[in-house]
Amino acid sequence: MRTNLLLMAVAVGLGLGGSATAADGPVLGACTGLPELARARCGTIRVPLDRANPSVGTTHVAFAFLPRRDTSRPSLGTLVPNPGGPGVSVVGSSEGQYTGSLAPLLDRRDLLLVDPRGTGRSDAITCKTLGGTALAFSTGEQSVARIGACGRELGARVGSYGSAAVADDIEAVRAALGLEQLDLWGDSYGTFLMAVYAARHPEHVRSIVLNGASPIATDSWGRDRLGAVVRGIRLVCARTRACNGDAVLRNIARLATRLRSRPVGRIDEGRLAEIVFTGGDPSVFGRIPAAVASALKGDFASLRRLVDNQALKYAAILVHPIFSPAQNLATHCHDYTRAFSYADTPAARRAAYDRALSAIEPNAFWPFSPDGWSHTSQAGAQCLDWPNDPTAGPPVPAGARFPDVPVLVLSGELDANSPSAAGRLAAAQFTHATFVEIPNAGHTPVADSTCASNLALRFVATLQVNAGACASTGTPPSVASPAPRRAAELPLVSAKGTTAERRALGLVAVTAGDLLEQGGILELAGTAGGLRGGRYATRRDRAVRLLGVRVVRDDAVSGVLQLTRAGLVGTLRLTGPGVPAGQLQVRLTESGSSRARGTLSGRLVDFTFRLWRP
């Protein structure tokens, strides 16, 4: 009866009962601008910024409540997901993701989306001192200075954005809506947040799914992440038989040693470590062997591509409307373990940090030095200039009890961001948790593995799990070959033609592969660089212009390509001394026959061939 009355109230947009006062209760209305939530009602509640110190002020917490499709029967509970971050809004950014991915559960279950305080519609916070995309291109010391300035800009609110406060906000929304049993679903940082909620408000938790999980207490120096990197390189090499994992690791160690004393442009040991870390993207494991081997021979083009693209992707995240960098940093600098005390002076903080790092056995960070690997897991180094925050600390005290409810923990086998070792520790927090490692998957495996998704959905529905259901699923990432430097090194395409003509087709193939590799950057920025020069630019009709693109040093490709159902279709002009000059109309497909016709060196040509993936 309570549930039916709740839905009637939501349907007419009335404020609902619960622990909030009438003044602070939810004001509900249509979710404007959110087509995926056409049936939902959106609202806000007002909560204290600091529940222990109300004088700091208040903030609004926004939410969207989507009733189950079958309202003829009682609700089986309410799903509460969080996509990670921190700093990522949920309403307006992830509603499409969750209304789609959780759809099989939404016949009988309601869906509650809550924007964490300081993000999205929950009074998003910003810091002018962060400088837009500046963090993506700053040195370590520059970043530390900007982050510290952001903390000072937040002023009295600096300690108000920890995960415990966010968890208590979710509880306040639950109480205001009169909901009872919650099925918690956390992705990435969301696994941390949902564990915090479960520890602080255990009586309302029915089940928990932790997808790409980390425990509350983590290794702040990231040695578990490094272990996952070493394992991932060995696994990918062994499964693809395209490289020798131990040889790749020795190459990384050699290159790291060189870059430690002789950086190449922006590429130093720290940036190499950031690339090898992968961020949880398994495809990077397939890029590392060739990029490192080429760099050892003096060719840094592939490694520079990885470094530049990483910075561009980070820059795009920093200015994306769903993301609040200030909230992200406020949470990190409040919740996570540091190797120093905020009560100390800046000089004392740095001295404490250096002592803690030097106390660790250096071999623990092989194939990097301790300082090199610390760029990926900084033990709070990014917060060295953060203002003193006496409230900062873990959101769940050591020894806290977690609810005795069914928990499913999923880790990707190739995830170095939240590695399987961390997932096992996350599972160990709970009495009745099942840990499942998804083969060949990266960060948040539910997003990439149909088997993992089905496993998690079935778990929420039945509270049962077949831990072996996903064994032997997935495929490892392909391992790239070293990029040719000159046209003479281009592979010859199998076609009826002269050696020079077949090499020209090889240039077309390698350029097409380079374009596909840069597809993500094109989506973000509308333009992207060629491997060794020139650029790609997206037109209004979604076709891509090639402007003097060089994937080898001595030849360039210009023209237009468009991705169609038939493959990449367009016209290309080849120039340079390494291949016959000319113009070709092309249709390129990864499977089936490709075709190129036009002129090369003034001769009419028409080739049919199979395109290998470069």
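Hi everyone, let's start with a pair of helices. Helix 9, residues 283-296, packs against helix 10, residues 301-318, at an angle of about 125 degrees, and their axes are 7 Å apart. That angle makes helix 9 oblique to helix 10. Before I go on, please keep in mind that this is a predicted model.

Who makes the contact here? From helix 9 we have Arg287, Ala291 and Ala295, and they meet Ser302, Leu303 and Leu306 of helix 10. Sorted by class, the contact between helix 9 and helix 10 has four nonpolar residues, one polar and one charged.

On the helix 7 side, the contact is made by Ile252, Leu255, Ala256, Leu259 and Arg260, and on the helix 8 side by Glu269, Leu272 and Val276. By class, helix 7 and helix 8 bring six nonpolar and two charged residues to this contact, and no polar ones.

Let me stay with Leu272 for a moment. Setting aside neighbours within four places in sequence, leucine 272 is in contact with Ile252, Leu255, Ala256, Leu259, Val292, Leu303 and Phe368.

As a general point, nonpolar side chains in soluble globular proteins tend to be buried together. In this model, the largest nonpolar core has 71 residues, and the ones with the most contacts inside it are Ile233, Ile252, Leu255, Leu272, Leu303, Phe368 and Trp386. Which helices supply at least two residues of this core? They are helix 3 (140-154), helix 6 (223-240), helix 7 (245-261), helix 8 (269-277), helix 9, helix 10, helix 11 (325-335) and helix 12 (346-358). Helix 6 gives the most, with eight residues. Apart from this core lies another one, of 41 residues, and Val173, Met194, Ala198 and Val405 are among them.

Alanine 62 is in strand 3, residues 58-66. Is alanine 62 buried or exposed? Its relative accessible area is 3%, so alanine 62 is buried. Not counting residues up to four places away in sequence, alanine 62 touches Gly43, Thr44, Leu113, Val114, Asp115, Arg121 and Ser122.

Aspartate 169 is 107 residues from alanine 62 along the chain, and the C-alpha atoms of the two are separated by 9.7 Å. You'll find aspartate 169 in helix 4, residues 163-177. With a relative accessibility of 1%, aspartate 169 counts as buried, because the limit for that is under 20%. Leaving out neighbours within four places in sequence, aspartate 169 is in contact with Ile45, Val47, Arg51, Val61 and Arg117.

Let's finish with charge pairs. How many salt bridges does the structure hold? There are 27 salt bridges, and I've picked a few to show you.

The next residue along, aspartate 168, forms a salt bridge with arginine 200, and their closest N and O atoms are 2.8 Å apart. This pair links distant parts of the chain, with aspartate 168 in helix 4 and arginine 200 in helix 5 (residues 189-200), 32 residues apart. Aspartate 168 is buried, at a relative accessible area of 13%, whereas arginine 200 is partly exposed, at 36%.

Aspartate 246 and arginine 234 also meet through their side chains in a salt bridge, at 2.8 Å from N to O. Here aspartate 246 sits in helix 7 and arginine 234 in helix 6, and the pair, twelve residues apart, links distant parts of the chain. Aspartate 246 counts as partly exposed, at 35% relative accessibility, and arginine 234 is partly exposed with a relative accessible area of 41%.

Then there is arginine 73, whose side chain meets that of aspartate 70 in a salt bridge, 2.9 Å from N to O. Arginine 73 counts as partly exposed, at 42% relative accessibility, while aspartate 70 counts as buried, at 18%.

Key. Residues numbered from 1 in each chain as written. Predicted model: local features only at pLDDT ≥ 70, side-chain atom pairs only at ≥ 80, totals over all residues. Heavy atoms only, no water. Axes fitted to C-alpha atoms, helices over the stretch in contact; angles between N-to-C directions. Helix = DSSP H or I, 4+ residues; strand = E, 2+ residues; numbered from the N terminus. Parallel < 35°, antiparallel > 145°, perpendicular 65-115°, else oblique. Contact = heavy atoms within 4.5 Å. Nonpolar A, V, L, I, M, F, W, Y, C, P; charged D, E, K, R; others polar. Buried < 20%, exposed > 50% of the residue type's maximum accessible area, 1.4 Å probe, protein only. Core = buried A, V, L, I, M, F, W, Y, C linked by side-chain atoms within 4.5 Å. Salt bridge = Lys/Arg side-chain N within 4 Å of Asp/Glu carboxyl O.
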